[in-house]
Amino acid sequence: MYSFKSENFVDELVKKVNETSLNGFYKPYNIRIKDDGSIVTDIYILVEKNIREILSNYFPEDSIFGEELGFTKGNSSRVWIIDPIDGTTAFSQRRPEWGTLIASYENTILDTGIVICPIQDIYVAVMKNKLIRATFDHTLDISSSKKISVMIEKNINVEKSISNFDFSKLHTHITKQQFCKDIISLGFSDFDAIVFYAPFPHDRLPYEPILKEIGGTISDLEGNEIDLIKEDVVCLATKSEEVKRIIVKNQNFQKEEIKDRLTT
């Protein structure tokens, strides 16, 4: 039977990720363009190597897939997925909108998500569908707005997907770049939902267990569950099933109608 050996694993992971990524962020580093046109630096690779080392120490039987270093086959049914730096362009331009994403699933069941934002010194870890660590007060905030408040990533793929979507009944805020900090703080903020683009599974998988833990969801814009390995998805992250239902059906509403359902 699989079990996480120690909650200290998360503390060690956060410490190492912060140490490595911040040390690189504030110093010169090498940048190159990969075959797919994306950016990679020696810092990204070093962060992934450090994460792999910690995972291997605690979970030596598990498989690991990392964005930069590929797949390492293990003997167990659990697979870890690593995005060492989500927000590579921001990192390379010395902007703060980046973080580290880690997820794991067993027998295709996704149950673990860890998101670390070193610049802001915040992180959330849900493991085996249980909140293990969080730098947020675990209390949902209800916006004073009468409309659902939605943050929308300004991205060409998102714009195409929502072109025929009626957001007139919602209070929307367009943001230049989806930021992992905004998603993990969704349940603890005034925003009810975030629309963002996930080119690869590792860009969205860590968020699903975290949102699930607070009663939220990640789906496509039609409200459907997203396949574990599906790529190029415009995602709707919400803080509750009720918020998702209302957004998908484009219904106006009064916040008081669902306040009890949004408060933990």
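My entries follow, one topic at a time.

**Entry 1: what I'm looking at.** I'm working from a predicted model.

Entry 2: I started with the largest nonpolar core, which has 27 residues. Which of them touch the most other members? I got Phe9, Ile51, Leu55, Trp80 and Ile114. Next I checked which elements give two or more residues to this core: helices H1 (8-25) and H2 (42-58), plus strands E5 (78-86), E7 (109-117) and E8 (122-127). H2 gives the most, with 7 residues. I also found a second, separate core of 24 residues, and Cys117, Ile210, Val233 and Ala237 are among its members.

**Entry 3: H1 against H2.** The axes of H1 and H2 come within 9 Å and cross at roughly 165°. An angle over 145 degrees counts as roughly antiparallel, so that is what I wrote down for H1 relative to H2. The crossing of H1 past H2 is right-handed. On the H1 side I have Asn8, Phe9, Glu12, Leu13, Lys16, Val17, Thr20, Ser21 and Gly24. They meet Ile43, Leu46, Val47, Asn50, Ile51, Ile54, Leu55 and Tyr58 in H2. Phe9, Ile51 and Leu55 turn up in this list, and I had already noted those three for touching the most other core members.

**Entry 4: aspartate 121.** I found aspartate 121 in the loop between E7 and E8. Is aspartate 121 buried or exposed? Its relative accessible area is 52%, so I logged it as exposed, the cut-off being over 50%. Leaving out residues up to four places away in sequence, aspartate 121 touches Asn18 and Thr135. Asparagine 18 is 103 residues from aspartate 121 in sequence, yet their C-alpha atoms are 8.1 Å apart in space.

**Entry 5: serine 240 and H7.** My last stop was serine 240, in the loop between strand E14 (233-238) and helix H7 (241-248). Its relative accessibility is 4%, so I put serine 240 down as buried, which takes a value under 20%. What does the side chain of serine 240 reach? I traced it to the backbone nitrogen of glutamate 242, at 3.3 Å. Within H7 itself, I noted Glu242, Val243, Lys244, Ile246 and Ile247 as buried.

Conventions. Residues numbered from 1 in each chain as written. Predicted model: local features only at pLDDT ≥ 70, side-chain atom pairs only at ≥ 80, totals over all residues. Heavy atoms only, no water. Helix = DSSP H or I, 4+ residues; strand = E, 2+ residues; numbered from the N terminus. Buried < 20%, exposed > 50% of the residue type's maximum accessible area, 1.4 Å probe, protein only. Polar contact = N/O pair within 3.5 Å; in protein donor to acceptor, adjacent residues only side chain to side chain. Core = buried A, V, L, I, M, F, W, Y, C linked by side-chain atoms within 4.5 Å. Axes fitted to C-alpha atoms, helices over the stretch in contact; angles between N-to-C directions. Parallel < 35°, antiparallel > 145°, perpendicular 65-115°, else oblique. Left-handed = near helix turned anticlockwise from the far one by under 90°. Contact = heavy atoms within 4.5 Å.
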